[in-house]
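This report walks through a protein chain, one region at a time. Keep the structure in view while reading.

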Amino acid sequence: MVITKGKQSIGHLQNTGTSEHLATMKHIQEEVVSSITANDIKWKQRAKQHWLKHGDKNTQYFHMQVSQRRKINAVKSIEDSQGRCVTKQSEIGEVFTGFFSSLFTTSHPSSVEHCLHAMYTKLDMDMKAWLLNPFTREDINAVVFHMNPLGSPSPDGFPAQLLKKILPQIIAPNQSAFVSGRLISDNTMVAYEIQHSMNSIMKGKKGFMALKLDMSNAYNRVEWKFIEAIMIKMDFPRPNHCNHLFFADDGLLFCQAKHEEIKCVLNILELYEKGSGQVLNKDKSAIFFGKNTPQVTQQQILQLAGVQSTSSFERYLGLRALVGRKKIASFHSLIDRTRTRVTNWRTTFLSAAGKKILPKAVLQAIPTYGWRILQNPTSLVAQILKQKYFNKGDLLEAKLGTRPSFAWRGIHAGLTLLKKGLIWRVGNGHKINIWQDRWIPSLPAQKILTPREVDFLCDKSKVDTFSAKKWKESKKGESSGKKRDFQVWRTIWKLKVPPTTKVFLWRACSEALPTLDNLKRRKVVEDSLCLICNQEPETFGHALWGCIGAKDVWCQGPKKVQKLSLQSDLIFNVWAGLVGTLDPVELDEVAVTMRETGLNSNPLARAHRWTQPAVGILKVNWDAAVQSREGRIGIGVLIRDHQGLVIGALRANRILRGNPFVAEAYGLLMATFFCKDLGLRQLCLEGDSKQVVDLLNQDSSNWSMGGCLITDAKTILNSVAA
């Protein structure tokens with residue numbers, strides 16, 4: 001309000017004031033500047049480090065981010081320890097204070113020494129001497145410059161950056177996180193393979209079980225006395241403060257399904273709870289038994305442990321721990337999570353190119369897991385896979401085997417691509433089979449194709465360097481061609497034009513727009529001839545450059561463009577020719593002209609404009625998509641008022657085998673259900689299926705599947721109107 005009123009006062013004085021008002025104007029201007037600065041600081045603090053890091057290039061994005069965080073973090077009611085629902089803000093604060101006071105109060109751990117009696121130091125003399133060395137200027141610089149520049153500093157003690165050098169030696173290989181070179185997903189793979197083996201053992205006297213342990217509020221309940229005792233036991237130099245604990249609250253223990261085993265585990269856990277202050281959450285803990293474990297033994301062990309049994313752990317470290325025959329259902333939650341991330345409100349501020357690249361950047365990293373196993377053969381997951389599937393050979397020569405796990409099937413399927421891209425970097429040659437391996441980059445096949453007639457020996461002892469596999473490099477011609485293409489793509493995003501023009505040009509160069517030629521290939525239309533000249537198929541190269549109508553447009557353009565003789569069905573080739581001829585300003589003009597030409601030349605390529613309903617009426621738009629191979633349909637519903645404001649939105653994915661007409665009819669039914677649940681009455685329904693809309697407006701009955709769905713939708717609409 002102060003800023004708005006100040007600007008209005010300054011404008012008024014500028015129009016009507018005299019020289020006597022200069023002091024007043026200066027004073028008001030200082031107040032406005034001060035208010036703007038204060039407002040800027042407020043938004044920076046609310047948006048936290050993201051604003052400071054990225055600046056205010058997208059102010060709307062950061063403002064919405066702050067507002068969304070405030071909505072998410074708002075607590076309107078809470079249930080206290082006695083089960084009462086508390087709604088008053090003062091009482092809500094007391095519930096929080098009481099909970100965290102209890103959580104952070106020490107449990108006075110006992111038997112710490114007894115708990116750690118079997119622990120021994122892993123620090124050798126060199127490590128201890130290194131830890132006792134005084135910090136140098138280079139050490140401090142390394143720590144400071146690797147810290148999050150906008151994060152809070154840690155207490156005094158051993159910084160994590162310095163400890164990274166010794167962490168791999170003192171942390172067991174079973175802990176796959178927090179250590180350089182290890183991935184938390186490795187433990188998920190290990191758990192998956194072990195449970196698959198347990199499920200595969202159908203006979204035998206030895207039954208096995210897996211205990212999933214969940215520590216309640218592990219990071220909050222940890223006792224500093226316990227941490228200090230661990231560090232002293234490992235012969236760490238005594239620090240002033242301890243500021244890091246590498247601990248996971250989820251664990252899996254594997255052992256034989258025997259009374260003695262479970263009693264031993266429970267005794268160890270009890271001792272650990274007394275010494276560390278941790279508490280086992282039995283509600284979230286569970287036991288998974290192998291298929292050859294007798295039912296009587298299972299019941300006795302569950303009674304001793306006091307936890308529930310499970311046929312398979314639904315989640316371990318966020319992923320499925322076991323996949324059965326229903327593979328689509330097993331990974332459906334992962335697909336839904338990916339869709340939710342991609343369609344999240346944050347991604348609405350990404351361009352079409354950004355939305356397409358976002359899931360690719362994540363999903364395309366999955367096939368690299370085989371390469372990781374090849375590069376880290378000493379990791380725990382690599383050793384388990386080798387022991388189980390290629391005990392006597394190498395990963396690249398591994399067979400699929402009998403009854404393999406779903407994870408191994410995925411890794412094995414990626415080995416074909418891995419083999420095509422790998423080539424030996426020749427050292428002493430001891431590991432290379434010169435007749436079968438790929439080790440000669442200059443040959444097309446990268447290996448010897450001449451038939452082997454006689455054996456001969458070669459002296460490899462004169463070369464000291466070791467041979468190693470590497471990813472083959474691109475050929476010189478391929479590299480230069482890819483570099484040229486990359487530069488062409490970069491020119492699109494460097495244009496000084498509106499983002500819609502950049503996205504249009506990017507989609508046109510990617511052949512991702514509905515030209516008649518593209519629509520014919522997808523069997524949407526029968527004829528691909530250009531609607532303007534009726535002479536050639538309507539590709540984007542023709543529509544934007546080669547057509548008679550397009551040439552009439554370019555005759556009015558820059559002279560350099562008029563003199564060009566480029567001809568291609570691919571607009572990417574045309575744009576590449578323009579990049580090498582025109583300067584940046586002329587490229588901007590050509591890009592804008594291309595977009596206007598593309599939108600006006602092909603009626604099918606024009607964006608459908610949403611028309612607003614009358615005042616007091618809500619417009620309901622629905623659409624459906626069919627996945628014939630999977631037997632599923634996707635449905636989207638959007639409700640807006642006369643100002644275009646969104647009143648409600650719905651998306652759904654259902655199992656339904658049918659044609660597009662049935663899918664659209666089912667979408668109409670879902671839309672009517674949605675409107676009824678929201679209590680909406682004055683409605684205007686709009687869909688893109690003429691057949692469904694015609695049946696909706698007719699009184700006659702249609703006894704097909706889609707017709708029955710439309711009849712049900714009519715019944716719901718009549719009940720809403722009544």
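The crossing of helix 11 and helix 20 is left-handed. This is a predicted model. Helix 11 covers residues 184-200 and helix 20 covers residues 380-389; their axes come within 9 Å and cross at roughly 25°. Angles under 35 degrees count as roughly parallel, so helix 11 is roughly parallel to helix 20.

Which residues of helix 11 and helix 20 make the contact? On the side of helix 11 they are Asp 186, Asn 187, Met 189, Val 190, Glu 193, His 196 and Ser 197. Helix 20 contributes Leu 380, Val 381, Ile 384, Leu 385, Lys 388 and Tyr 389. Sorted by class, the contact has 7 nonpolar, 3 polar and 3 charged residues.

## The chain as a whole

The protein chain contains 32 helices and 12 strands. Of its 722 residues, 34% are buried. Among contacts between residues at least 6 apart in sequence, 60% join residues at least 24 apart.

An open sheet is formed by 4 strands in the order 11-10-9-12, with mixed pairing. Strand 11 (646-655) and strand 12 (683-686) stand at the edges. Each of these two has a single partner strand, so one side of each is left without a neighbour in the sheet. On average, and with direction ignored, neighbouring strands of this sheet are turned by 15° against each other.

Strands of a sheet pair through backbone hydrogen bonds, either parallel or antiparallel. Strand 10 (residues 632-640) pairs with strand 11 in the antiparallel sense, over 9 bridges. Within this pairing, Arg 632 has Ile 655 of strand 11 as its bridge partner, and Gly 634 stands opposite Asn 653. Strands 10 and 11 form a hairpin with 5 residues between them. In the turn, Gly 644 has a positive phi of about 85°.

## Helix 13 and its packing

Helix 13 spans residues 224-233, and its buried residues are Phe 226, Ile 227, Ala 229 and Met 231. These buried residues pack against helix 6 (112-115) and helix 14 (259-276). Just after helix 13 comes Asp 235, which takes a positive phi of about 65°.

## A tryptophan in a loop

Trp 439 lies in the loop between strand 7 (422-425) and strand 8 (468-471). Is Trp 439 exposed or partly exposed? Its relative accessibility is 23%, so Trp 439 counts as partly exposed.

Leaving aside neighbours within four places in sequence, Trp 439 is in contact with Ile 423, Trp 424, Val 426, Ile 432, Asn 433, Ile 434, Gln 446 and Ile 448. One of these, Val 426, is 13 residues away from Trp 439 in sequence and 7.0 Å away in space, C-alpha to C-alpha.

## Two loop residues with positive phi

Glu 511 is not a glycine, yet it has a positive phi of about 55°. Glu 511 is found in the loop between helix 23 (499-509) and helix 24 (516-521). With a relative accessible area of 21%, Glu 511 is partly exposed.

Asn 534 also has a positive phi of about 55° although it is not a glycine. The loop that holds Asn 534 runs between helix 24 and helix 25 (540-546). At 52% relative accessibility, Asn 534 counts as exposed, because exposed means over 50%.

How values were computed. Residues numbered from 1 in each chain as written. Predicted model: local features only at pLDDT ≥ 70, side-chain atom pairs only at ≥ 80, totals over all residues. Heavy atoms only, no water. Pairing = 2+ DSSP bridges. Axes fitted to C-alpha atoms, helices over the stretch in contact; angles between N-to-C directions. Buried < 20%, exposed > 50% of the residue type's maximum accessible area, 1.4 Å probe, protein only. Contact = heavy atoms within 4.5 Å. Parallel < 35°, antiparallel > 145°, perpendicular 65-115°, else oblique. Left-handed = near helix turned anticlockwise from the far one by under 90°. Nonpolar A, V, L, I, M, F, W, Y, C, P; charged D, E, K, R; others polar.
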